[in-house]
Amino acid sequence: MTEVFGVPVPALLGQLMLGLVNGCFYAMLSLGLAIIFGMLNIINFAHGALYMMGAIFTWIALTQFGINYWWSLLLVPLVIAILGVVVERSMLRRLYKLDNLYGLLLTFGIALVTEGLFRHRYGVSGLPYSIPDAFAGAFNLGFMFLPKYRAWVIGASLLTCFATWFVIERTQMGAYLRAATENPKLVQAFGINVPVMITLTYAIGVGLAGLAGVLAAPATQISPLMGTNLIIVVFAVVVIGGMGSILGSIVTGLGLGLIEGLTKVFYSQAANTVVFLIMALVLLVRPTGLFGKER
Amino acid sequence: MKRKLISMLLGCMLPLIAVGAGAQAKGKISDGTVKIGVITDLSGLYSDLSGQGSIIAAQMAVAEFGGKVLGAPIEIVSADHQNKADVAANKAREWFDTQGVDVIVDGVNSGAGLAVSKVANEKHRIFIDSGAGSTRFTNEDCNPYTIHYAYDTYATGSVTGKAVVQHGGKTWFFITADYAFGKSLQQDTTTAITGVGGKVLGSALAPLNTPDFSSYLLQAQGSGAQVIGLANAGGDTINSIKAASEFGINKKQTLAGLLVFITDIHALGLQVTQGMYVADGFYWDLNDDTRKWSKAFSAKANKMPTMVQAGVYSSTLEYLRAVQAAGTDDADAVMKKLKEMRLNDAFVRNGYIRADGRMVHDFYLFQVKSPSESKGPWDYYKLIATVPGDQAFQSLSQSRCPMIKK
């Protein structure tokens with residue numbers, strides 16, 4: 001059997017595949033963060049909590065209302081987006097003129113309160129959610145069995161990432177949005193309702209977190225702590241990719257997933273640390289991140 | 001001559017009278033109340049298996065005593081140690097020094113528990129740990145004021161390990177939580193399985209709170225071992241089992257959770273966990289006593305108790321019985337009584353506390369029911385074997401506790 005540094009190639013490919021799955025979650029979450037930071041200049045610390053709510057709402061939808069996975073895929077991100085609108089309209093809006101730190105503190109507070117409430121209600125052990133029947137089983141890729149559900153996660157998140165990138169970078173609507181962040185007054189003068197656009201941007205950003213939560217529900221433990229465990233890595237991804245860069249967050253998210261996968265093969269203890277090591281290195285060489293621009 | 005005799009008699013009797021009077025004075029409860037401190041994790045990853053439920057369990061033991069022992073009221077105080085050893089130690093010190101707490105129970109999280117144990121030894125007060133798993137409580141870090149009550153990693157690891165080997169799982173691969181607890185669990189289990197003819201093929205260390213275990217499982221799969229031993233706890237165990245079922249690994253290889261609580265099974269559901277072997281010190285549906293107590297508990301807590309919570313109830317109850325029997329809440333006298341007593345309640349049958357502080361009681365090997373076998377919520381386990389305490393726990397001759405003279 002062929003080997004790379006003493007590791008059989010099939011094992012290596014298997015780990016890279018799994019890394020890609022994790023990378024997809026990183027990419028989707030960091031994408032939402034990047035959009036929100038890019039357009040609103042808000043560091044949305046509540047992102048992890050919204051991801052967690054996405055997963056728990058999926059569970060609630062199934063167990064309390066009998067809403068299946070497919071409907072959840074549509075409805076849950078919508079509900080999270082509506083919550084986002086409420087938060088943006090009632091609280092975040094007041095902070096745009098202030099320093100970034102105020103937005104960070106507010107969203108951090110929202111995250112703590114939400115997590116506390118859910119922990120009080122649902123405990124920390126987690127809630128069971130089984131994989132939809134359509135995705136039971138696995139594909140035999142030769143080097144590994146890839147569960148169909150994981151394959152679906154890769155497909156769905158790549159599609160979402162591409163769609164988001166396309167809308168922002170290649171459509172009229174996206175052009176307005178980018179213009180509005182550069183110079184809101186001028187864009188408003190052309191008759192475009194900038195405040196509504198900003199609200200919608202926030203809603204879409206957090207909706208992405210909700211969608212990631214729905215995708216995660218069958219694959220991981222649904223628990224109030226799931227957001228906290230992930231969000232730190234996701235922030236590192238955003239920093240490495242460059243704050244606010246859409247393409248940067250997608251590419252870095254996927255790339256870091258792969259690197260993490262590789263680390264697990266060669267020195268598994270460092271899997272949690274490697275992301276931060278890379279972050280430190282990138283910041284030393286390129287303080288604005290790999291894809292970031294000077295502001 | 002007569003006077004001499006009388007004075008001699010008096011001389012002999014005086015010390016006795018003095019001792020009697022002393023006992024009388026000591027017989028009074030210190031500060032007029034018996035105070036029980038429940039130190040636990042009220043908000044973090046152990047709050048389901050211990051937490052609020054442990055406070056409820058302690059309250060139930062006090063209620064069984066009618067809220068009074070030797071005529072003095074019993075009071076419960078509680079604190080959240082946030083899984084931090086320094087917070088736990090400070091709280092214990094504050095309780096012993098300024099609040100007159102007589103005994104601390106629960107002590108989930110080995111790091112926090114060991115910190116409390118040190119303070120208890122320093123202050124000469126009793127600490128009965130039901131929540132933590134490390135075997136250090138009764139080995140390197142044993143002391144005369146600490147009792148390790150409900151379980152330890154040696155018992156859960158070796159009971160499960162031996163059973164799985166005896167059912168044909170000879171070769172093992174460990175997925176181990178990368179900190180002291182995980183490593184000691186792996187080590188204890190390894191000793192047990194190699195003793196009955198098992199073999200360890202390899203292991204992978206996974207950081208605490210890993211969200212995705214699939215890559216470690218892939219390594220385990222690649223090792224070709226018959227059994228994948230999960231030397232981790234709580235959310236890590238849950239995530240490992242969930243991923244194993246998704247990748248279909250549980251069909252070809254057996255999963256052995258080395259420390260699994262009933263709350264973990266509840267969180268995962270039977271579909272995913274069916275057929276797994278679980279070692280536990282308590283199950284609500286064992287006999288009439290456990291059913292009666294657990295139903296009363298669940299009426300208050302809205303869930304069935306874990307062995308930690310049942311252990312907190314039992315340790316509080318037995319402590320109060322010892323206070324009553326000793327006629328005082330003086331720590332040394334109560335500890336002496338506790339080590340003499342046979343313990344019998346809803347949690348323990350014929351249990352006893354060894355010189356190294358280990359409470360020895362029967363352990364149980366369960367297999368998780370399939371969804372069709374289960375009659376309703378919390379009906380999860382089939383009893384496979386009852387393992388007598390002296391076989392489940394590390395023997396006194398193996399103990400590395402300095403208090404044990406060999």
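The predictor's confidence in each residue is expressed as pLDDT, from 0 to 100. The structure is a predicted model, in which local features need pLDDT of at least 70, side-chain atom pairs count only at pLDDT 80 or more, and totals for chains, interfaces and linings use all residues. Residues are numbered from 1 along each chain as its sequence is written, and chains are lettered from A and ligands numbered from 1 in the order in which they are written.

Chain A has a mean pLDDT of 87, with 97% of its residues at 70 or more. Among its elements, helix α3 (residues 69-90) of chain A has the highest mean, 94. Strand β1 (residues 3-4) of chain A has the lowest, 66. Helices (H or I, at least four residues) and strands (E, at least two) are DSSP runs, numbered from the N terminus. Chain A holds eleven helices and four strands.

The radius of gyration of chain A, taken over C-alpha atoms, is 19 Å. The globule rule (2.2 Å times the number of residues to the power 0.38) also gives 19 Å for 295 residues, so chain A is as compact as a globular protein of that length. Its C-alpha trace spans about 65 × 50 × 35 Å along the principal axes.

Chain A also touches chain B. Two residues are in contact if their C-beta atoms, placed from the backbone, lie within 7 Å. Each chain gives 32 residues to the contact. On the chain A side, the elements that give two or more residues are α1 (9-40), β4 (145-147), α9 (226-241) and α10 (246-266). Helix α1 of chain A gives the most, with five residues.
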